[in-house]
Amino acid sequence: MTNRSRNRKNSLKWWLGAAVIGAAIVAILSVQLGNNAVYFYTPDEAVAKAADLAGKTVRVGGMVTPGTVVWHASDLDLKFTMSDLKGHEIAVQHHGAPPDMFKEGQGVVVEGMIVAAQPLQMNSRKLMVKHSEEYKKPGDHNQSIDKALLEKSIFKDQGAAQ
Amino acid sequence: MTQNTAQINMTQNISPKTSRNITLSGIALWACLLAVWGAAIAVVPADANQGEVYRIIYLHVPSAIAAFSASFFLALAGALALWTRDEKFLTWQRALAEAGLLMTVLALVTGSIWGKPTWGTWWTWDARLTTTFLLAILLASYLMLHSALPSGRQRIAVCSGLGILIFADVPIIYKSVTWWRTLHQPPTIIRSGGSTMAPEMLAVLIAGIVTMVLMTLWLAWLRADSLELGRELESQTGAALT
């Protein structure tokens with residue numbers, strides 16, 4: 001075998017290897033991040049799938065319903081209702097101090113377990129705040145689109161994970 | 001003794017002009033970077049929702065975009081290396097992969113530090129964070145592969161191929177917050193309907209992005225230049241330096 005043809009054969013081997021690695025990366029990404037594996041469910045999806053999801057650790061994203069937050073600092077007990085603003089509600093129970101940006105009307109992603117289906121209740125293990133992509137000066141609340149952006153980002157493709 | 005002589009000859013040959021250009025542009029870029037950081041800390045207003053903590057955006061976003069740029073130039077150097085089979089472009093790839101890995105890690109670390117007070121967590125496996133983590137892994141594996149293979153045509157082919165593949169992750173990272181539900185918020189600057197940032201904040205952020213991208217290319221230039229010097233010394237003295 002000449003040097004040249006050996007080189008060509010080796011180079012083909014490496015290209016095949018690279019193609020396999022590339023295909024594997026694309027496959028893993030599409031399975032891991034495709035619609036089969038959503039990062040969080042919306043409240044209406046969680047309500048619809050409550051029976052399947054009961055007893056499993058899941059993430060559900062929604063908005064904190066104003067007037068529902070009850071916080072007992074002495075025993076680190078937090079209760080609130082999150083909703084998709086379309087009537088699907090989840091009562092959340094969390095133990096621990098909430099993140100600084102947690103407030104009524106804020107976007108949240110709750111990681112935990114669904115403990116009751118009717119009405120839907122969740123025991124939170126990890127409470128995360130989802131904020132919008134808007135940055136503005138303090139006091140500059142004119143034409144703020146903060147809430148609309150947040151709703152658009154949280155309730156994207158609602159119902160896709162059913 | 002002969003090695004020392006070769007070294008002295010080399011340092012004289014390596015074009016003092018290039019060396020002076022690197023130094024001068026480095027001083028200019030560091031001055032710009034310090035000016036941007038000064039503005040980020042003392043000049044731009046605090047954010048209405050997040051308060052002072054959002055100021056880390058002036059480090060976080062520029063390092064992420066600098067990592068994307070380094071990956072782009074890595075792919076470009078990969079294409080040029082495959083085209084010309086010139087070892088010079090492989091040296092550039094290594095320098096760009098190193099600078100890109102530095103910026104990716106910086107973006108991950110600053111993001112994590114920002115995530116704790118605002119989101120309430122240091123880390124979560126959403127699409128944006130996972131694909132950025134993947135970029136760091138890919139750049140690290142590129143560097144491992146580069147140092148493991150013996151120099152020659154095969155290393156040029158394999159490393160350049162991987163370098164081009166790595167860049168495919170960049171548009172996925174960028175679009176991840178649009179394609180999938182994530183904890184990370186969608187794009188602020190490049191979006192339909194215009195930027196969602198106050199103009200005085202945006203000006204400093206864009207200055208930061210431009211400076212950080214140039215800084216990364218400068219680091220790669222500095223590194224490629226010293227790798228090139230090492231390679232020439234190796235070929236003259238027979239010592240294994242790089």
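A hairpin joins E5(A) to E6(A) through four residues. Helices (H or I, at least four residues) and strands (E, at least two) are DSSP runs, numbered from the N terminus. This is a predicted model, in which local features need pLDDT of at least 70, side-chain atom pairs count only at pLDDT 80 or more, and totals for chains, interfaces and linings use all residues. Residues are numbered from 1 along each chain as its sequence is written, while chains are lettered from A and ligands numbered from 1 in the order in which they are written.

Q: Over how many bridges do E5(A) and E6(A) pair?
A: Two strands pair if DSSP finds at least two bridges between them. Strand E5 (residues 107-116) and E6(A) have a bridge count of nine.

Q: Which residue of E6(A) is the bridge partner of Gln93(A)?
A: Strand E4 (residues 89-95) of chain A runs parallel to strand E6 (residues 121-130), and four bridges join them. In E6(A), Gln93(A) is partnered by Asn123(A).

Q: What pattern does chain B follow along the sequence?
A: The secondary structure of chain B comes to eight helices and zero strands. Read in sequence order, the pattern is α-α-α-α-α-α-α-α.

Q: Is Leu29(B) buried, partly exposed or exposed?
A: Leu29(B) is found in helix H2 (residues 16-42) of chain B. A residue is buried if 20 or more other C-beta atoms, placed from the backbone, lie within 10 Å of its own, exposed if 12 or fewer, and partly exposed in between. Because Leu29(B) has 18 C-beta neighbours inside 10 Å, its class is partly exposed.

Q: Which residues does Leu29(B) touch, not counting those up to four places away in sequence?
A: Two residues are in contact if their C-beta atoms, placed from the backbone, lie within 7 Å. With residues up to four places away in sequence left out, Leu29(B) touches Thr211(B), Leu214(B), Met215(B) and Trp218(B).

Q: Which element gives the largest share of the side of chain B that touches chain A?
A: In the interface, 35 residues of chain B are in contact with 35 residues of chain A. Helix H4 (87-118) and helix H6 (153-167) of chain B are the elements that give two or more residues to this side. The largest share, seven residues, comes from H6(B).
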